[in-house]
Amino acid sequence: MSRFLTVGAGQLGPIARDDSRDEVVERLIALLRDGASQGCELVVFPELALTTFFPRWYFPDSAELDQFYETEMPNPSVQPLFDEARRLGVGFSLGYAEKTPDGRRFNTTILVERDGAEVARFRKVHIPGHEDHEPWRPFQHLERRYFEESNEGFPVHKAFGGVMGMATCNDRRWPETYRVMGLQGVEMILIGYNTPIHYAPDPGQNALQGFHNHLVMQAGAYQNGTWVVGVAKGGLEEGVESLSDSAIIAPSGQVVAQALTSDDELVVARCDLDWCNHYKGTLFDFERYRRPDVYGLIAGQPDSEGRA
Ligand code: CDT
């Protein structure tokens, strides 16, 4: 049997600090229309897709910081994207900085169905970078100052004719991210990212950024028998080069479609969600072959000597 879902990875090129939400939303709508013309039922947009990647700057003043957050979703600037998506019958996922009514800040992604209904909001679990201003760096990575870690985990959702999950940027580097969703039968994981090429704590990793990006997503896909859609905001943004390389990855771990540019670009693949069953029902038949009885250390908190 086949259960096809045509998906677009809506990669973005750079967003300048003074680009307005309206300008960015126009770019998102152009990608969405491109997707509709190619038969996409779902377009996946990157992490923090409405603004420049603001954690690269230290903002001592919270009023200045607040301009990058959305206090409602949708809001008047983003509403045209929601309207156009519903008109076209194309669903989407969109990453943005969320500030809740009680002042909490999360790195959030909303998933919206083809009829415009909200499926879920996912809040990033693994928050990388640092809490305090570190002037020795050529640019900051202050996600740990500007976002709380979510404790909501990695739920999955019946939508788009399958079982969908979400993760955000640094979440993709952790095998547990995929496995927690794999255990819930996930068939497609949507991942947006902003990955600066320069990694200040260990620049020796810079040349490996592209390799590591695909390595983790391909392994996560294969080991859990799921599709993975990885979508970048890449290119040279405010003087910082970020990884592009958006990719759609099959449950076999193979990259089936990949971005060629560092700019706005739609990467499309027709994904058979039933193909997941080849892997979930053979090598990765979890019920038959997994050994959770010997994996205690993974979810436990080790003591000071490293014992679970
Ligand atoms: N946005 C995000 O999570 N980026 C991180 C950068 C590396 S840590 C400074 C990532 O894992 O790609």
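Let's start with the ligand: the space it takes up is the second largest pocket. Keep in mind as you look around that this is a predicted model.

Who surrounds the ligand? There are 13 residues around it, and those that come nearest are Lys 124, Cys 169, Asn 170, Arg 173 and Thr 195. If you sort the shell by class, you get four nonpolar, four polar and five charged residues.

Asn 170 has a polar side-chain atom sitting 2.8 Å from an oxygen atom of the ligand. Arg 173 also points a polar side-chain atom at a ligand oxygen, here at 2.7 Å. With Asn 194, look at the backbone instead: one of its N or O atoms lies 3.1 Å from a nitrogen atom of the ligand. How much of the ligand does the protein cover? On its own the ligand has 360 Å² of accessible area, and the protein covers 92% of that.

Searching the whole structure turns up 14 aromatic pairs. One of them brings together Phe 122 and Phe 154, with 5.6 Å from centre to centre and 25° between the planes. Planes under 30 degrees apart count as stacked, and this pair is stacked. Where do the two partners sit along the chain? Phe 122 belongs to strand β5 (residues 118–123), while Phe 154 is in the loop between α4 (143–146) and β6 (156–159), so the pair ties together parts that are 32 residues apart in sequence.

Two spots in the backbone are also worth a visit. Go to the loop between α2 (62–66) and α3 (79–88), where you'll find Pro 74. The peptide bond joining Met 73 and Pro 74 is cis, with omega at about 0°. Then move along to the loop between β6 and β7 (162–168), which is the place of Phe 160. What is the phi of Phe 160? The angle is positive, about 55°, although this residue is not a glycine.

Technical notes. Residues are numbered from 1 along each chain as its sequence is written. This is a predicted model: local features need pLDDT of at least 70, side-chain atom pairs count only at pLDDT 80 or more; totals for chains, interfaces and linings use all residues. Side-chain values use heavy atoms; hydrogens and water are left out. A residue is near a molecule or strand if one of its heavy atoms lies within 4 Å of it. A polar contact is a pair of N or O atoms within 3.5 Å; within protein, one must be able to donate a hydrogen and the other to accept it, and residues adjacent in sequence count only if both atoms are side-chain atoms. Accessible areas come from the Shrake-Rupley method with a 1.4 Å probe; for residues, only the protein chains shown count as cover. On a 1 Å grid over the protein atoms alone, a cavity is a set of points where a 1.4 Å probe fits but cannot get out, and a pocket is an open set with protein on both sides within 12 Å along at least five of seven lines; lining residues have an atom within 4 Å of a point. A molecule sits in a cavity or pocket if more than half of its atoms lie within 2 Å of its grid points. Ala, Val, Leu, Ile, Met, Phe, Trp, Tyr, Cys and Pro count as nonpolar, Asp, Glu, Lys and Arg as charged, and the others, Gly among them, as polar. Rings of Phe, Tyr and Trp (its six-membered ring) pair if their centres lie within 6.5 Å; planes under 30 degrees apart count as stacked, over 60 as edge-to-face and the rest as tilted. Helices (H or I, at least four residues) and strands (E, at least two) are DSSP runs, numbered from the N terminus.
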